[in-house]
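Please prepare a short briefing on the structure shown below.

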Amino acid sequence: MQRGRYFMKKKLGLVMLSTLMMFTLAACGGNAATNSGNQSSNVTGSQTNTDETAAMDELKPEEGAELRLWTFITDLKPFTDYALKEFEQKYNIKVTVEDVGYWDSIKRLSTDGPAGVGADVFGLQTPDVANAVQSGLVLPNDYFEEDTKSMNKPDTIAAATHDGILYGYPWNVYTFSLYYNKDLVKDAKLETWDDIIAFSKKFNDVKNNKFGFLYEPKTSAFDVAFMTGYGGYIFGNNETDVNDIGINNEGSVKGMQFIQSLREIIPLELADVTNNLKEGLWSQGKLAINMDGSWAIGEHNKQPFPVGVLPMPKLAGGENAMPLAGSTGYYVSSYSKYPNAAKLLAHFITTKEMQIKNNELTGALPAADVTGTEQGMRNDELTQGFLKQIASSHRFPGLYETKYVWPALDAAIADVWKGGDPKAALDKAAGKLKTDIANQK
């Protein structure tokens with residue numbers, strides 16, 4: 001599986017299929033789960049502000065328009081059903097939904113679009129936007145550009161933009177952090193990674209498959225959190241400059257050295273530390289601290305034991321580990337026969353009000369600039385914890401060249417996990433990355 005699908009696909013694929021994405025994905029959002037502490041939202045699709053409604057009314061859909069929406073249905077059905085019912089009532093436009101993962105949209109549209117059977121509106125995650133634009137698959141978000149920019153977080157706008165042109169309609173954000181089983185952790189101090197390592201040494205019972213902490217080290221998108229925590233990065237200038245490779249700088253090397261040290265509390269072969277193993281032990285109450293994504297909030301809220309979420313702790317001699325954070329958005333196909341109607345749909349299902357409704361119904365975190373206290377937003381501990389983690393995360397690179405990063409880093413992780421020299425492994429990875437980027441031109 002290409003790492004271009006990163007942790008969002010991996011997790012969601014395994015929930016669906018999960019991860020992530022991651023990472024969406026999906027991630028996108030968590031499993032639908034009812035939170036008794038939530039305030040019920042009375043938001044409807046028509047309850048947008050006056051200016052926004054006026055703008056939407058000015059764009060006239062084509063006569064006889066019918067639309068096809070590709071989205072990840074499994075965990076998002078409550079929101080999708082709600083939003084499309086509101087849209088169809090408002091515009092009298094029928095929308096057919098097909099279950100197509102965000103990670104599959106580009107491949108599918110490349111063939112289905114020219115054949116006239118592709119989506120009018122479809123979802124993408126951060127690293128796939130550049131590919132979609134360069135492949136000529138998407139139309140710019142021109143009519144609703146200002147509305148979109150005014151309501152969403154700057155990083156989500158940047159993720160939906162290519163070469164200075166906004167294409168997407170941001171919808172949600174995702175990152176990962178540390179879920180913990182309160183019954184197992186109890187009152188243990190877990191403020192730093194040194195604390196987590198100390199706890200795990202006491203808690204581990206490897207023969208009986210009990211672990212204090214687990215994550216998927218072979219998925220390098222997770223590993224980057226430790227590298228960025230020491231000042232490492234993938235691309236320079238806030239992940240926008242492919243000519244500045246940072247995966248082998250001093251901070252990245254320190255992060256890789258820390259990853260290597262985790263073998264002491266995760267004494268398993270790299271291939272054996274799988275998501276299935278981790279989630280299986282977690283559900284059985286044999287794993288105390290589980291690194292997982294915001295896309296799984298709903299799933300973890302349904303565990304039979306009390307679950308909390310820790311912010312990524314401070315690294316010894318460094319800063320807090322900084323997980324990658326990405327976003328998901330909807331895009332209008334350049335093959336759509338009804339581009340006006342498609343733009344109306346993409347905007348309608350991604351308004352701030354709809355993003356909040358989605359959070360209420362599925363647990364997905366809004367791309368919109370929210371405080372977490374808005375009516376309808378979930379107020380459970382996991383949602384609120386991940387909203388804080390999003391604010392302390394590292395931007396997922398959205399460049400086309402990102403697809404070359406993961407194979408290079410995966411190879412480095414495999415070498416280091418077996419005891420290889422972190423600096424040499426990352427130098428080799430950086431060299432491969434530079435070569436792959438140069439060869440594409």
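Glu-239 lies in helix 11; helices (H or I, at least four residues) and strands (E, at least two) are DSSP runs, numbered from the N terminus. This is a predicted model, in which local features need pLDDT of at least 70 and side-chain atom pairs count only at pLDDT 80 or more, while totals for chains, interfaces and linings use all residues. Residues are numbered from 1 along each chain as its sequence is written, and side-chain values use heavy atoms, with hydrogens and water left out.

- Glu-239 is not a glycine, yet its phi is positive, at about 65°.
- With 2% relative accessibility, Glu-239 counts as buried; buried means under 20% relative accessible area, exposed over 50%, and partly exposed in between (1.4 Å probe, protein chains only).
- Asn-238 also belongs to helix 11, which covers residues 236–239.
- Asn-238 has a positive phi of about 60°, although this residue is not a glycine either.
- Asn-238 has 47% relative accessibility and therefore counts as partly exposed.

**The chain as a whole**

- The protein chain contains 19 helices and 14 strands.
- Of its 441 residues, 61% count as buried.
- The chain exposes about 16800 Å², and carbon and sulfur atoms supply 47% of that area; accessible areas come from the Shrake-Rupley method with a 1.4 Å probe, and for residues only the protein chains shown count as cover.

**Nonpolar cores**

- In soluble globular proteins, nonpolar side chains tend to be buried together.
- The largest nonpolar core has 84 residues, and those with the most contacts inside it are Trp-193, Phe-213, Phe-226, Ile-289 and Met-291. Such a core is a set of buried Ala, Val, Leu, Ile, Met, Phe, Trp, Tyr and Cys residues joined through side-chain atoms within 4.5 Å.
- Helix 18 (residues 405–417) gives the most to this core, namely 8 residues.
- Domain 1 (66–173 + 326–395) and domain 2 (176–323 + 399–440) both give residues to this core, so it lies between them. The domain bounds come from an automatic or database domain assignment.
- A second, separate core has 30 residues, including Ala-65, Phe-79, Val-95 and Ala-346.
- Leaving aside neighbours within four places in sequence, Ile-289 is in contact with several residues, among them Leu-178, Tyr-180, Phe-199, Phe-213 and Trp-282. Contact means heavy atoms within 4.5 Å.

**Helix 10 and helix 18**

- Two packed helices are described by the angle between their axes and the distance between the axes.
- Helix 10 (residues 220–229) and helix 18 pack at an angle of about 75°, with their axes 10 Å apart. Axes are lines fitted to C-alpha atoms, for helices over the stretch in contact, and angles run from 0 to 180 degrees between N-to-C directions.
- That angle makes helix 10 roughly perpendicular to helix 18. Angles under 35 degrees count as roughly parallel, over 145 as roughly antiparallel, 65 to 115 as roughly perpendicular and the rest as oblique.
- Ser-220, Ala-221, Asp-223, Val-224 and Met-227 in helix 10 meet Trp-406, Leu-409, Asp-410 and Ile-413 in helix 18.
- Helix 10 is mostly covered, as 10 of its 10 residues are buried.
- Just after helix 10, Gly-231 has a positive phi of about 100°.

- The buried residues of helix 15 include Lys-343, His-347 and Phe-348.
- Helix 16 (residues 352–362) is mostly covered, with 9 of its 11 residues buried.
- Among the buried residues of helix 16 are Glu-353, Lys-357 and Glu-360.
- Gly-363 follows helix 16 and has a positive phi, near 95°.

- Tyr-174 is placed in strand 6 (residues 169–174).
- Tyr-174 counts as buried because its relative accessibility is 0%.
- Tyr-174 and Thr-328 are 154 residues apart along the chain, and their C-alpha atoms are separated by 8.1 Å.
- Leu-268 is found in the loop between helix 12 (250–261) and helix 13 (275–283).
- Leu-268 has a relative accessible area of 16% and is therefore buried.
- Leu-268 and Trp-417 are 149 residues apart along the chain, with their C-alpha atoms separated by 9.5 Å.
- Not counting residues up to four places away in sequence, Leu-268 touches Phe-211, Arg-263, Val-273, Leu-277 and Trp-417.
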